[in-house]
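Have a look at the picture, then read on.

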Amino acid sequence: MTKIIRAAGLTAVGWAMTGLAWADVPSVATDITPVHGLVARVMQGVGQPDLVVPPGASPHSHSMRPSEAKALNRADVVFWIGPELTPWLEGPISTLASKAVVVPLLTTEGTQTLVIRDAVQFTLSGDAHHDDDHHDDHGHDSHGHDEGGHDEHHDDHADHHDEDHDDHGHAHEAGSLDPHAWLMAENGLAWLDVIADVLAEKDPENAGMYRDNAKAGQAEIIAAVAQIKSDLESVRDKPFVVFHDAYQYFETGFGLPAAGAISLSDASDPSPARIAEIRDVVTDQHVTCVLSEPQFNPGLVATVLDGTDAGTAVVDPLGVALEPGPGFYTDLLASIANAIADCK
(Lines give C-alpha, C1' and ligand atoms only; values in the text may rest on other atoms or scores of the structure.)
Protein backbone atom coordinates (compact mmCIF):
# COMPACT_ATOMS: atom_id res chain seq x y z
CA MET A 1 0.00 0.00 0.00
CA THR A 2 2.82 2.36 0.90
CA LYS A 3 4.45 1.83 -2.46
CA ILE A 4 1.20 2.54 -4.24
CA ILE A 5 0.63 5.75 -2.30
CA ARG A 6 4.22 6.82 -2.88
CA ALA A 7 3.89 6.12 -6.59
CA ALA A 8 0.68 8.10 -6.70
CA GLY A 9 2.41 10.91 -4.85
CA LEU A 10 5.24 10.93 -7.38
CA THR A 11 2.73 11.02 -10.20
CA ALA A 12 1.01 14.01 -8.66
CA VAL A 13 4.34 15.75 -8.25
CA GLY A 14 5.15 14.96 -11.89
CA TRP A 15 1.88 16.49 -13.03
CA ALA A 16 2.51 19.53 -10.86
CA MET A 17 5.97 19.94 -12.34
CA THR A 18 4.55 19.53 -15.83
CA GLY A 19 1.97 22.20 -15.09
CA LEU A 20 4.68 24.49 -13.77
CA ALA A 21 6.82 23.95 -16.87
CA TRP A 22 3.77 24.60 -19.06
CA ALA A 23 3.17 27.86 -17.22
CA ASP A 24 6.72 28.96 -18.00
CA VAL A 25 6.24 28.41 -21.74
CA PRO A 26 5.71 31.65 -23.68
CA SER A 27 2.14 32.57 -24.48
CA VAL A 28 1.86 32.63 -28.27
CA ALA A 29 -0.90 34.11 -30.44
CA THR A 30 -1.36 33.49 -34.17
CA ASP A 31 -3.62 35.07 -36.76
CA ILE A 32 -4.96 32.37 -39.14
CA THR A 33 -5.17 28.57 -39.02
CA PRO A 34 -2.24 27.86 -41.39
CA VAL A 35 0.09 29.95 -39.20
CA HIS A 36 -1.43 28.40 -36.09
CA GLY A 37 -0.73 24.95 -37.53
CA LEU A 38 2.93 25.69 -38.17
CA VAL A 39 3.39 27.20 -34.71
CA ALA A 40 1.53 24.29 -33.11
CA ARG A 41 3.94 21.88 -34.86
CA VAL A 42 6.96 23.71 -33.46
CA MET A 43 5.42 23.89 -29.98
CA GLN A 44 4.20 20.30 -29.97
CA GLY A 45 4.92 18.71 -26.59
CA VAL A 46 5.77 22.10 -25.07
CA GLY A 47 2.66 24.27 -25.33
CA GLN A 48 -0.20 25.36 -27.55
CA PRO A 49 -0.65 28.63 -29.44
CA ASP A 50 -3.85 30.68 -29.44
CA LEU A 51 -5.79 31.45 -32.62
CA VAL A 52 -7.11 34.98 -33.14
CA VAL A 53 -9.02 34.47 -36.41
CA PRO A 54 -11.15 31.34 -35.95
CA PRO A 55 -11.93 28.84 -38.73
CA GLY A 56 -14.61 30.16 -41.04
CA ALA A 57 -13.99 33.83 -40.24
CA SER A 58 -12.69 36.19 -42.91
CA PRO A 59 -9.12 37.27 -42.17
CA HIS A 60 -9.86 40.53 -43.98
CA SER A 61 -12.75 41.66 -41.80
CA HIS A 62 -13.02 39.57 -38.62
CA SER A 63 -14.25 41.32 -35.47
CA MET A 64 -12.38 39.94 -32.50
CA ARG A 65 -14.24 38.34 -29.65
CA PRO A 66 -13.19 39.08 -26.04
CA SER A 67 -11.40 35.72 -25.77
CA GLU A 68 -9.35 36.50 -28.87
CA ALA A 69 -8.47 39.96 -27.56
CA LYS A 70 -7.34 38.32 -24.30
CA ALA A 71 -5.10 35.97 -26.29
CA LEU A 72 -3.33 38.98 -27.79
CA ASN A 73 -3.17 40.75 -24.45
CA ARG A 74 -1.38 37.86 -22.74
CA ALA A 75 0.85 37.02 -25.70
CA ASP A 76 4.62 37.01 -25.33
CA VAL A 77 4.99 36.28 -29.05
CA VAL A 78 2.64 36.99 -31.97
CA PHE A 79 3.06 35.26 -35.33
CA TRP A 80 0.95 36.64 -38.18
CA ILE A 81 1.11 36.97 -41.96
CA GLY A 82 1.13 40.76 -41.65
CA PRO A 83 -1.06 43.77 -42.45
CA GLU A 84 -1.16 42.75 -46.11
CA LEU A 85 -3.68 40.04 -45.11
CA THR A 86 -5.25 41.44 -41.93
CA PRO A 87 -4.85 45.24 -41.88
CA TRP A 88 -7.46 45.52 -39.11
CA LEU A 89 -5.26 43.43 -36.79
CA GLU A 90 -2.29 45.81 -36.74
CA GLY A 91 -3.99 48.20 -34.31
CA PRO A 92 -5.00 45.53 -31.77
CA ILE A 93 -1.52 44.00 -31.92
CA SER A 94 0.06 47.39 -31.24
CA THR A 95 -2.20 48.12 -28.30
CA LEU A 96 -3.00 44.72 -26.78
CA ALA A 97 0.33 42.99 -27.47
CA SER A 98 2.59 46.01 -27.09
CA LYS A 99 5.18 44.06 -25.09
CA ALA A 100 5.17 40.98 -27.30
CA VAL A 101 7.68 39.95 -29.93
CA VAL A 102 5.72 40.39 -33.16
CA VAL A 103 6.69 38.41 -36.25
CA PRO A 104 5.05 39.29 -39.61
CA LEU A 105 5.91 36.15 -41.54
CA LEU A 106 5.34 37.62 -45.01
CA THR A 107 8.41 39.83 -44.57
CA THR A 108 10.73 37.41 -42.78
CA GLU A 109 14.00 36.31 -44.31
CA GLY A 110 13.65 33.40 -46.72
CA THR A 111 10.01 34.08 -47.61
CA GLN A 112 9.24 33.90 -51.33
CA THR A 113 6.70 36.53 -52.32
CA LEU A 114 4.53 37.17 -55.36
CA VAL A 115 2.72 40.27 -56.59
CA ILE A 116 -1.07 40.40 -56.78
CA ARG A 117 -2.50 39.66 -60.22
CA ASP A 118 -5.16 42.06 -61.48
CA ALA A 119 -5.99 40.36 -64.79
CA VAL A 120 -9.01 38.09 -65.20
CA GLN A 121 -6.95 35.72 -67.34
CA PHE A 122 -3.57 34.44 -66.21
CA THR A 123 -0.66 33.53 -68.46
CA LEU A 124 -0.58 29.74 -68.41
CA SER A 125 3.14 29.62 -69.10
CA GLY A 126 3.88 31.18 -65.73
CA ASP A 127 2.25 34.52 -65.03
CA ALA A 128 3.00 33.98 -61.36
CA HIS A 129 6.65 34.67 -60.69
CA HIS A 130 9.01 35.48 -57.90
CA ASP A 131 9.52 39.21 -57.68
CA ASP A 132 12.80 40.09 -56.01
CA ASP A 133 11.80 43.75 -55.88
CA HIS A 134 9.10 42.81 -53.39
CA HIS A 135 11.05 40.31 -51.34
CA ASP A 136 11.96 41.69 -47.91
CA ASP A 137 14.72 40.15 -45.84
CA HIS A 138 14.25 40.82 -42.16
CA GLY A 139 16.25 39.23 -39.38
CA HIS A 140 14.35 37.66 -36.48
CA ASP A 141 15.50 40.33 -34.07
CA SER A 142 13.93 43.16 -36.03
CA HIS A 143 10.30 42.07 -35.76
CA GLY A 144 8.21 44.75 -34.13
CA HIS A 145 5.14 46.90 -34.48
CA ASP A 146 6.88 49.67 -36.40
CA GLU A 147 8.55 47.37 -38.90
CA GLY A 148 9.69 49.23 -42.00
CA GLY A 149 7.56 48.76 -45.06
CA HIS A 150 4.28 48.41 -43.13
CA ASP A 151 3.29 52.07 -43.12
CA GLU A 152 0.86 51.50 -45.96
CA HIS A 153 -1.74 48.78 -45.75
CA HIS A 154 -2.15 47.12 -49.08
CA ASP A 155 -4.53 44.23 -49.53
CA ASP A 156 -5.81 42.06 -52.30
CA HIS A 157 -9.22 43.63 -52.76
CA ALA A 158 -8.99 45.34 -56.10
CA ASP A 159 -9.73 44.89 -59.76
CA HIS A 160 -9.91 46.97 -62.88
CA HIS A 161 -13.65 46.14 -63.07
CA ASP A 162 -14.80 48.44 -60.23
CA GLU A 163 -13.53 46.04 -57.58
CA ASP A 164 -10.82 48.40 -56.36
CA HIS A 165 -12.01 48.60 -52.75
CA ASP A 166 -13.04 46.05 -50.16
CA ASP A 167 -15.62 46.49 -47.43
CA HIS A 168 -13.15 48.51 -45.35
CA GLY A 169 -12.19 50.90 -48.12
CA HIS A 170 -8.61 49.68 -48.47
CA ALA A 171 -7.32 50.33 -51.96
CA HIS A 172 -5.06 47.90 -53.73
CA GLU A 173 -2.10 49.43 -55.53
CA ALA A 174 -0.13 47.97 -58.41
CA GLY A 175 2.77 45.93 -57.12
CA SER A 176 1.15 45.00 -53.81
CA LEU A 177 2.24 41.72 -52.30
CA ASP A 178 -0.10 38.77 -52.52
CA PRO A 179 -0.47 37.80 -48.83
CA HIS A 180 -1.48 34.14 -49.41
CA ALA A 181 2.15 33.04 -49.11
CA TRP A 182 1.43 30.10 -46.81
CA LEU A 183 0.25 28.14 -49.86
CA MET A 184 3.82 27.77 -51.12
CA ALA A 185 5.39 24.84 -49.32
CA GLU A 186 8.83 26.46 -49.50
CA ASN A 187 7.50 29.24 -47.30
CA GLY A 188 6.11 26.75 -44.81
CA LEU A 189 9.57 25.18 -44.61
CA ALA A 190 11.22 28.56 -44.07
CA TRP A 191 8.67 29.70 -41.50
CA LEU A 192 9.17 26.63 -39.34
CA ASP A 193 12.79 27.74 -38.86
CA VAL A 194 11.71 31.32 -38.17
CA ILE A 195 9.16 30.17 -35.59
CA ALA A 196 11.63 27.82 -33.90
CA ASP A 197 14.36 30.48 -33.73
CA VAL A 198 12.03 33.09 -32.21
CA LEU A 199 10.64 30.68 -29.63
CA ALA A 200 14.10 29.32 -28.80
CA GLU A 201 15.31 32.84 -28.08
CA LYS A 202 12.26 33.56 -25.94
CA ASP A 203 12.35 30.19 -24.18
CA PRO A 204 15.95 28.83 -24.15
CA GLU A 205 15.01 25.97 -21.85
CA ASN A 206 12.91 24.37 -24.60
CA ALA A 207 15.04 25.53 -27.54
CA GLY A 208 16.09 22.00 -28.45
CA MET A 209 12.48 20.81 -28.57
CA TYR A 210 11.41 23.72 -30.77
CA ARG A 211 14.20 23.12 -33.26
CA ASP A 212 13.68 19.34 -33.31
CA ASN A 213 9.97 19.87 -33.93
CA ALA A 214 10.72 22.30 -36.74
CA LYS A 215 12.99 19.74 -38.42
CA ALA A 216 10.37 17.03 -38.04
CA GLY A 217 7.73 19.37 -39.44
CA GLN A 218 9.94 20.15 -42.42
CA ALA A 219 10.38 16.44 -43.11
CA GLU A 220 6.59 16.07 -43.05
CA ILE A 221 6.15 18.93 -45.53
CA ILE A 222 8.80 17.51 -47.86
CA ALA A 223 7.05 14.12 -47.81
CA ALA A 224 3.67 15.77 -48.42
CA VAL A 225 5.07 17.75 -51.36
CA ALA A 226 6.43 14.59 -52.97
CA GLN A 227 3.02 12.92 -52.66
CA ILE A 228 1.20 15.99 -53.96
CA LYS A 229 3.44 16.20 -57.02
CA SER A 230 2.60 12.61 -57.79
CA ASP A 231 -1.12 13.17 -57.25
CA LEU A 232 -1.16 16.22 -59.53
CA GLU A 233 0.76 14.65 -62.40
CA SER A 234 -2.39 13.67 -64.28
CA VAL A 235 -3.79 17.24 -64.27
CA ARG A 236 -0.58 19.19 -64.79
CA ASP A 237 -1.58 20.20 -68.33
CA LYS A 238 -5.29 20.80 -67.62
CA PRO A 239 -6.15 24.49 -67.07
CA PHE A 240 -8.48 25.41 -64.22
CA VAL A 241 -10.15 28.56 -62.89
CA VAL A 242 -10.31 29.54 -59.22
CA PHE A 243 -13.08 31.47 -57.51
CA HIS A 244 -10.78 34.18 -56.19
CA ASP A 245 -7.10 34.72 -56.80
CA ALA A 246 -5.66 33.21 -53.63
CA TYR A 247 -3.75 30.25 -55.02
CA GLN A 248 -0.86 31.56 -57.12
CA TYR A 249 1.68 30.46 -54.50
CA PHE A 250 0.32 26.93 -54.74
CA GLU A 251 0.22 27.14 -58.54
CA THR A 252 3.79 28.39 -58.69
CA GLY A 253 5.12 25.87 -56.21
CA PHE A 254 3.60 22.93 -58.05
CA GLY A 255 3.71 24.25 -61.63
CA LEU A 256 -0.04 24.21 -62.18
CA PRO A 257 -1.85 25.91 -65.10
CA ALA A 258 -4.39 28.25 -63.50
CA ALA A 259 -6.19 30.13 -66.27
CA GLY A 260 -7.92 32.87 -64.29
CA ALA A 261 -10.09 33.88 -61.35
CA ILE A 262 -13.81 34.62 -61.15
CA SER A 263 -13.15 37.27 -58.51
CA LEU A 264 -9.98 39.05 -57.50
CA SER A 265 -11.19 39.55 -53.96
CA ASP A 266 -13.02 37.40 -51.43
CA ALA A 267 -14.74 40.51 -50.06
CA SER A 268 -16.66 41.64 -53.13
CA ASP A 269 -18.67 40.06 -55.93
CA PRO A 270 -17.23 40.12 -59.44
CA SER A 271 -18.73 42.59 -61.88
CA PRO A 272 -20.86 41.36 -64.83
CA ALA A 273 -18.00 42.32 -67.15
CA ARG A 274 -15.56 40.15 -65.21
CA ILE A 275 -17.96 37.20 -65.22
CA ALA A 276 -18.38 37.52 -68.98
CA GLU A 277 -14.62 37.65 -69.42
CA ILE A 278 -13.95 34.61 -67.26
CA ARG A 279 -16.61 32.66 -69.19
CA ASP A 280 -14.62 33.41 -72.34
CA VAL A 281 -11.47 32.19 -70.62
CA VAL A 282 -13.17 28.90 -69.70
CA THR A 283 -14.18 28.36 -73.32
CA ASP A 284 -11.07 29.65 -75.07
CA GLN A 285 -8.56 27.93 -72.78
CA HIS A 286 -10.51 24.65 -72.64
CA VAL A 287 -10.69 24.87 -68.86
CA THR A 288 -11.51 21.52 -67.28
CA CYS A 289 -12.24 22.64 -63.71
CA VAL A 290 -13.69 25.64 -61.89
CA LEU A 291 -12.80 25.67 -58.20
CA SER A 292 -15.39 27.15 -55.87
CA GLU A 293 -15.05 27.98 -52.18
CA PRO A 294 -17.48 27.05 -49.38
CA GLN A 295 -18.20 30.61 -48.26
CA PHE A 296 -19.09 32.03 -51.69
CA ASN A 297 -22.20 32.12 -53.83
CA PRO A 298 -22.36 28.84 -55.81
CA GLY A 299 -24.62 30.57 -58.34
CA LEU A 300 -21.65 32.51 -59.69
CA VAL A 301 -19.77 29.28 -60.35
CA ALA A 302 -22.86 27.81 -62.02
CA THR A 303 -23.05 30.87 -64.27
CA VAL A 304 -19.43 30.44 -65.32
CA LEU A 305 -19.91 26.71 -65.92
CA ASP A 306 -23.13 27.04 -67.89
CA GLY A 307 -22.76 25.68 -71.40
CA THR A 308 -19.28 24.25 -70.79
CA ASP A 309 -17.93 20.78 -70.08
CA ALA A 310 -15.82 21.96 -67.12
CA GLY A 311 -16.22 20.27 -63.76
CA THR A 312 -16.20 21.87 -60.33
CA ALA A 313 -14.78 21.17 -56.88
CA VAL A 314 -14.72 22.98 -53.55
CA VAL A 315 -11.42 24.21 -52.17
CA ASP A 316 -10.48 26.61 -49.38
CA PRO A 317 -7.12 28.40 -48.87
CA LEU A 318 -7.71 28.49 -45.10
CA GLY A 319 -8.86 24.87 -44.73
CA VAL A 320 -12.04 25.69 -42.81
CA ALA A 321 -13.10 22.04 -42.73
CA LEU A 322 -9.76 20.80 -41.36
CA GLU A 323 -8.88 20.22 -37.72
CA PRO A 324 -6.53 22.93 -36.37
CA GLY A 325 -3.32 21.68 -34.81
CA PRO A 326 0.18 20.36 -35.56
CA GLY A 327 -0.91 18.41 -38.65
CA PHE A 328 -2.97 21.21 -40.18
CA TYR A 329 -0.44 22.62 -42.64
CA THR A 330 0.28 19.42 -44.57
CA ASP A 331 -3.43 18.54 -44.45
CA LEU A 332 -4.20 21.91 -46.04
CA LEU A 333 -1.77 21.46 -48.92
CA ALA A 334 -3.06 17.93 -49.53
CA SER A 335 -6.71 19.05 -49.46
CA ILE A 336 -6.10 21.66 -52.16
CA ALA A 337 -4.20 19.17 -54.29
CA ASN A 338 -6.92 16.55 -53.90
CA ALA A 339 -9.62 19.02 -54.94
CA ILE A 340 -7.73 19.92 -58.09
CA ALA A 341 -6.83 16.32 -58.95
CA ASP A 342 -10.35 15.00 -58.36
CA CYS A 343 -12.25 17.87 -59.98
CA LYS A 344 -15.01 16.51 -62.23
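Where is the place of Thr 111? Thr 111 sits in the loop between strand 4 (101-104) and helix 5. Some ground rules before the points. This is a predicted model, with local features needing pLDDT of at least 70 and side-chain atom pairs counted only at pLDDT 80 or more, while totals for chains, interfaces and linings use all residues. Residues are numbered from 1 along each chain as its sequence is written, and side-chain values use heavy atoms, with hydrogens and water left out. Helices (H or I, at least four residues) and strands (E, at least two) are DSSP runs, numbered from the N terminus.

1. Thr 111 counts as buried, at 0% relative accessibility (buried means under 20% relative accessible area, exposed over 50%, partly exposed in between, with a 1.4 Å probe and protein chains only). Its side chain reaches the backbone oxygen of Leu 105 at 3.0 Å. The side chains of Thr 111 and Thr 108 are also joined by a polar contact of 3.0 Å (a pair of N or O atoms within 3.5 Å; within protein, one must be able to donate a hydrogen and the other to accept it, and residues adjacent in sequence count only if both atoms are side-chain atoms).

2. Helix 5 (residues 185-202) packs on helix 6 (residues 207-232) at about 175°, axes 8 Å apart (axes are lines fitted to C-alpha atoms, for helices over the stretch in contact, and angles run from 0 to 180 degrees between N-to-C directions). That makes the pair roughly antiparallel, a label for angles over 145 degrees. Among the residues that meet are Leu 189 and Leu 192 in helix 5, and Ile 221 and Val 225 in helix 6.

3. Which residues in helix 9 (residues 298-305) are buried? They are Leu 300, Val 301, Val 304 and Leu 305. Down the axis of helix 9, these buried residues fall within an arc of 135°, so they line one face (the arc is that of the directions from the helix axis to the C-beta atoms). The cover over them includes strand 5 (240-244) and helix 8 (272-284), contact meaning heavy atoms within 4.5 Å. Just after helix 9, Gly 307 has a positive phi of about 80°.

4. Leu 318 is in the loop between strand 8 and helix 10 (328-341). Leu 318 is buried, at 17% relative accessible area. Beyond its neighbours within four places in sequence, Leu 318 has contacts including Ile 32, Pro 59, Trp 182 and Phe 328.

Definitions and conventions. Parallel < 35°, antiparallel > 145°, perpendicular 65-115°, else oblique.
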